[in-house]
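Here are my notes on this model, as numbered points. Please read them with the structure open.

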Amino acid sequence: MRRRLLALLCVSASLLTGCGAVPGIGGSDRQTVTVWLMKDSASRDFLDRFTEDFERDHPDLDLDIRIQEWTGIGGKVQTALEGDGEDGPDVIEVGNTQVPRYVDGNRLLDLTLESVAKWDKDEWLPGLADPGQRRFHQYGIPWYAANRVVIYRKDLFEQAAITAPPRTREEWLTATEKLNSGGNQGIYLAGQDWYTLAGFIWDEGGDLATEDSGRWEGGLDTPAALRGMDFYQRLHSLGAGPADADEEHPPQAGVFAAGKVAQIIAVPGLARAVVQQNPDLEGKLGYFPVPGKVAAKPGAVFIGGSDLVVPRNTDQREGAVAVVAALAGAEWNTDLARTMNYVPNKAKLASAVAGEEGVAAMAAGAAQGRATPSTPEWAAVEADNPIKTYMTKVLGGADPAAEAGRASREITETLTVSAG
């Protein structure tokens, strides 16, 4: 009992200070598994409950959970992966699109066998699972997801005699046009919201970039991608979003809170910021998945979230795999989703969050979720993002095909130079 109490105290303290293993805890028959999780990914209560349950089921293991800050985490993870493993993490939470950069150098444990034999990998959300995979080998194990939905003003929809949220793109355009009147914007859509554009491109069967025999090429100039940009242009015209800025300049929560906007595209949690700035909107906000081309299937969306990885240099392989199996398993994955308002890692677990409108809408969209191109060089594209420039030029009246070709060539060059 004393050992269990001290171990739990260490976990709780690590939430604040990142403490290591407590000296004297555990004899030769007990091993410590060190887990790095990101700040605010899970509540203290969740971690305490998980630790108690896990250690009860694994009496030979102690958990040392250390909370990390997102700022600067990339370099810290790389250092841990390159070390000798002594006193380093045995399990690490990383952003789903960050996995490719850590796979390089053969520094992550290949978890393909466990994924296929025990964890039903074919049921994972593709937007979480695909970035964790390299050449059919699974390194990143999906943990939780979050994605954009449409947040809307129920009262403005009612005033416009719109009785139900739209389920197709064409219904969405029709409804938004009706809402775009009387001094209100039908939708506030910033001109450089390229994550939203990506969803429209994926819906059309296109992609931001594609790989052929190890070579990546920009894909904005394909007919499918151009159709996605055309829809974005039509939707953008039904509001007053700036053509030369993204959704954070100015922050769209503030624009929505000002009271003259019927819809925005954002993660459901942004509604809290909206209501904080305009308490009169309490109870007036609703959510629906980004509509797709047909009513039976929501639109594709960029899916963010986290995967769990195991460093190759771990000296606690079995313990680390056991932690991943538990955190990503149905019981604790649905518990985390309910606790933190996340989307579970499998579509079949979405019923766990069905009682919360915003999260339910997010979960419906997550089934069509995708991630950015699975190459470590994609970060270089985002650093000097030609997609934003392309969008601004098209919304300003430039020829879409010409600008898409120019942006695609720039993406190809960046991916080629970075890879070299």
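1. Start with a side-chain pair. Thr 314 and Asp 90 are joined through their side chains by a polar contact of 2.7 Å. Bear in mind that this is a predicted model.

2. Where does Thr 314 sit? Its place is the loop between strand 12 (301-309) and helix 13. Thr 314 counts as buried because its relative accessibility is 13%, and the cut-off for buried is under 20%. Thr 314 is also 11 Å from Val 35, C-alpha to C-alpha, although 279 residues separate the two in sequence.

3. Next, the helix after that loop and its partner. Helix 13 (residues 317-328) and helix 14 (residues 330-340) have axes that come within 4 Å. The axes cross at roughly 55°, so helix 13 is oblique to helix 14. On the helix 13 side, the contact is made by Ala 326, Leu 327 and Ala 328. Helix 14 contributes Ala 330, Trp 332 and Asn 333. By class, the contact has five nonpolar residues, one polar residue and no charged ones.

4. Which residues of helix 14 are buried? They are Trp 332, Asn 333, Thr 334, Asp 335, Leu 336 and Ala 337. These buried residues pack against helix 2, strand 6 (141-147) and helix 13. After helix 14 comes Asn 341, with a positive phi near 60°.

5. Helix 2 (residues 44-57) has 14 residues and reaches 20 Å from its first C-alpha to its last. That is close to the 20 Å expected at 1.5 Å a residue. Its buried residues are Phe 46, Leu 47, Phe 50, Thr 51, Asp 53, Phe 54 and Glu 55. As background, residues three or four places apart in an α-helix point the same way, because there are 3.6 residues a turn.

6. Asp 207 lies between helix 9 (194-203) and strand 8 (209-212). Is Asp 207 buried or exposed? Its relative accessibility is 18%, so Asp 207 counts as buried.

7. Another is the side chain of Arg 370, at 3.1 Å. Leaving out residues up to four places away in sequence, Asp 207 touches Ile 201, Trp 202, Gly 219, Leu 220 and Arg 370.

Notes
Residues numbered from 1 in each chain as written. Predicted model: local features only at pLDDT ≥ 70, side-chain atom pairs only at ≥ 80, totals over all residues. Heavy atoms only, no water. Axes fitted to C-alpha atoms, helices over the stretch in contact; angles between N-to-C directions. Helix = DSSP H or I, 4+ residues; strand = E, 2+ residues; numbered from the N terminus. Parallel < 35°, antiparallel > 145°, perpendicular 65-115°, else oblique. Contact = heavy atoms within 4.5 Å. Nonpolar A, V, L, I, M, F, W, Y, C, P; charged D, E, K, R; others polar. Buried < 20%, exposed > 50% of the residue type's maximum accessible area, 1.4 Å probe, protein only. Polar contact = N/O pair within 3.5 Å; in protein donor to acceptor, adjacent residues only side chain to side chain. Expected span 1.5 Å × (residues − 1).
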